[in-house]
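Work through the exercises below with the coordinates open, trying each task before reading its solution.

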Amino acid sequence: MSTHDTEINRDATRLLGLEGVSVTKVKDDGAGGSTVYVVTGEDSARACPSCGVFATRLKDYRTTAPRHLACGGRQVSIRWRKARWHCTEAACARRTFTEAIPQVPARMRTTAALREAAGAAVADGGRTVVQAGRDLGLSWPIVQHCFEVHAARSLPAEPAETEAIGIDETRRGKPVWKQNPDTDKWELVADAWHIGFVDAIGGRGLFGQVEGRNAASVAEWLALQPATWREAVRYVAIDLCATFRAAIHRALPHAKVVVDCFHIVQLAQRHLADLRRRLTWKQHGRRARKGDSIYTVRKILRRNKEDLNHEQRQLLKTELEHMGTYGKQIYAAWQSKELLRDLLHLAVTRRHVTPDHSTISAARHRFFSHVADHAHLPELVTLAETVEQWWDGIETYLTTGITNAASEGNNRLIKLEARNAFGFSNRTNQRLRSRCATTRRSRRETHPH
Ligand SMILES: [Zn+2]
C-alpha cells in the first residue's frame, strides 16, 4: 500500500463518501470544481482476482479518473493512484493485476454510486434518460444501461398478490410494418396497441404490459404469472370488451368479471345522442338549429337529473312536449338513461352500504320495464340488450364497487412519461419505463429511503 508515504485527509475522505479509497488532497480545478486525489484504502484490493492470495510484490502505480457524483454542488474529478501487483502464487496463471474495489470494479470508468444515481433518477425520479445524462455528465447508453440494471433490481419479479386486477387496452404510437423480403408481404412488427394489467385496488400500479389487443395476448400474459397469484385474483375489471371477457373466463375461470360503470353510462349517453339526432332528422329533415325546441334542450339532455334545477326540468318537459311524439320519445330515452344511472348508483362505493339483492332487482326491473314500454325505439333496445349481456359484471360492480379507474390513472402517467421522452422508439424500453412510472409511489412506500 502507498498510504505510508502520503497523509490521509480523514475529513475529506468522509466528505467524498466513496467507499474503498482515502483522500490525500483536494485542489481547485480552476473551473468551479475540485480535483480529488485518492489512494486505495481497502486491503482486499490487493487480493489477486484469480487466486485470491494477497500480493506482496509491487509492480508500479497508475492513475485513473473514475467519474463520480458531484460533492456539495461542485464537480469532482477523482485521480485514483492505484497499484499494480505481481501475483507470485506458483499455481496462479495471472502474472499481474491492478487494484479494484467494489465501488470501481476492474475496467469500470464510473463509480457504483454514480451509476446508481443515474438509474434511480430515471426509474424513481421520473427524469428522462437524456436529462439524467445531462445532470450527471454521462452518455445516453450508459444512463440507459444504469436504468435497466436499477429497474431489474427494484421492480418485483412477480406481481404482488391482489384480489382485483384491471385490464384495458391503449394505443401507443404508430404500428410498425416491415416488408418480408421472402414473401414481399407487409408484416406487423410492433403493434400500436398495448394491453395493460394493473392492480385495481392495491394501488401498486402496472403489473405488466403486452402488445396486441386480442384474447390470446391477454390469456398468454395471465398464464405466465405464478399459479398462486392467479388463484388470488377474484375480480377482473374491464371495459365492455367481449374479447377480454372470453380470455378471462379461460385463463382465470374462478374470477368474476367486473364491468366499469363509467363505460355503461357513457354508452347510455351515446345511445341517447343517436336517438336525438335520428328523431331530429325525422322531425325537421335536417340538423337542429336555433329556434327548434330540440336545439333549446339538447344541452340539458346531456346533463344528469340531479344537476338540473327546477326551471331546467320544466324547460326539458315543455319543450319536448312541444315537439310532439318525437319529443316524448326523446324524453323517454333520457328517462331510461337516468333509470340506468339510478341502478348504478346503488353501488357500494357510492352509498357505503352493500345493496341487497331485492333493491338491485327492483332498480333493474324499473329500467327494463321502462325500455319494454318503449320497445319501438331501437337505441333503447340495444342499450337494454347490452345491460342484459353484461349483467353479471354490472351486478359484481354494484356489490364490490371495483372499477377500472386504476387503468385510466396509469395510462395518464404512461402518456406523460412518453411525452417527456418525446415518444419511445423501443417498445421493450417503453414498457419498462411505464412500469417504473406507475409503480413509483408504491415502491417508495415499501422501501422508503
Ligand atoms: Zn493470483
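The model is predicted, so local features need pLDDT of at least 70 and side-chain atom pairs count only at pLDDT 80 or more, whereas totals for chains, interfaces and linings use all residues. Residues are numbered from 1 along each chain as its sequence is written, and side-chain values use heavy atoms, with hydrogens and water left out.

**Exercise 1.** Identify the protein donors of the zinc ion and classify their arrangement.

*Solution.* Donors are N, O and S atoms within 2.8 Å of the metal (3.2 Å for Na, K and Ca), and since water is not among the atoms, sites may look incomplete. The search returns the SG atoms of Cys48, Cys51, Cys87 and Cys92, lying 2.3 Å from the zinc ion. Next, the four donor atoms subtend angles of 101 to 116° around the zinc ion, which makes the arrangement tetrahedral, a class that requires all angles of four donors to lie between 85 and 135 degrees. Along the chain the donors follow the spacing C-x2-C-x35-C-x4-C. Cysteine 48 lies in the loop between β2 (34-40) and β3 (57-64) and cysteine 87 in the loop between β4 (76-86) and β5 (96-98), so the pair ties together parts that are 39 residues apart in sequence. Strands such as these are DSSP runs of E of at least two residues, and helices are runs of H or I of at least four, numbered from the N terminus.

**Exercise 2.** Determine how many disulfides the whole structure holds, and why cysteine 71 forms no such bond.

*Solution.* A disulfide is a pair of cysteine sulfur atoms within 2.5 Å, and a search of the whole structure finds zero. For cysteine 71, the closest cysteine sulfur belongs to cysteine 146 and is 20 Å away, too far for a bond.

**Exercise 3.** Check the span of helix α2 (residues 112-123).

*Solution.* The expected span is 1.5 Å times one less than the number of residues. For the twelve residues of α2 this gives 16 Å, and the end C-alpha atoms are 16 Å apart, which agrees.

**Exercise 4.** Is threonine 170 buried or exposed, and which residues does it touch?

*Solution.* Threonine 170 is found in strand β6 (residues 164-171). Its relative accessibility is 10%, so threonine 170 counts as buried (under 20% relative accessible area; exposed is over 50%, partly exposed in between; 1.4 Å probe, protein chains only). Not counting residues up to four places away in sequence, threonine 170 touches Ala192, Trp193, His194 and Asn411, with contact meaning heavy atoms within 4.5 Å.

Note on methods: Tetrahedral: all angles 85-135°; square planar, octahedral: opposite > 155°, others 65-115°.
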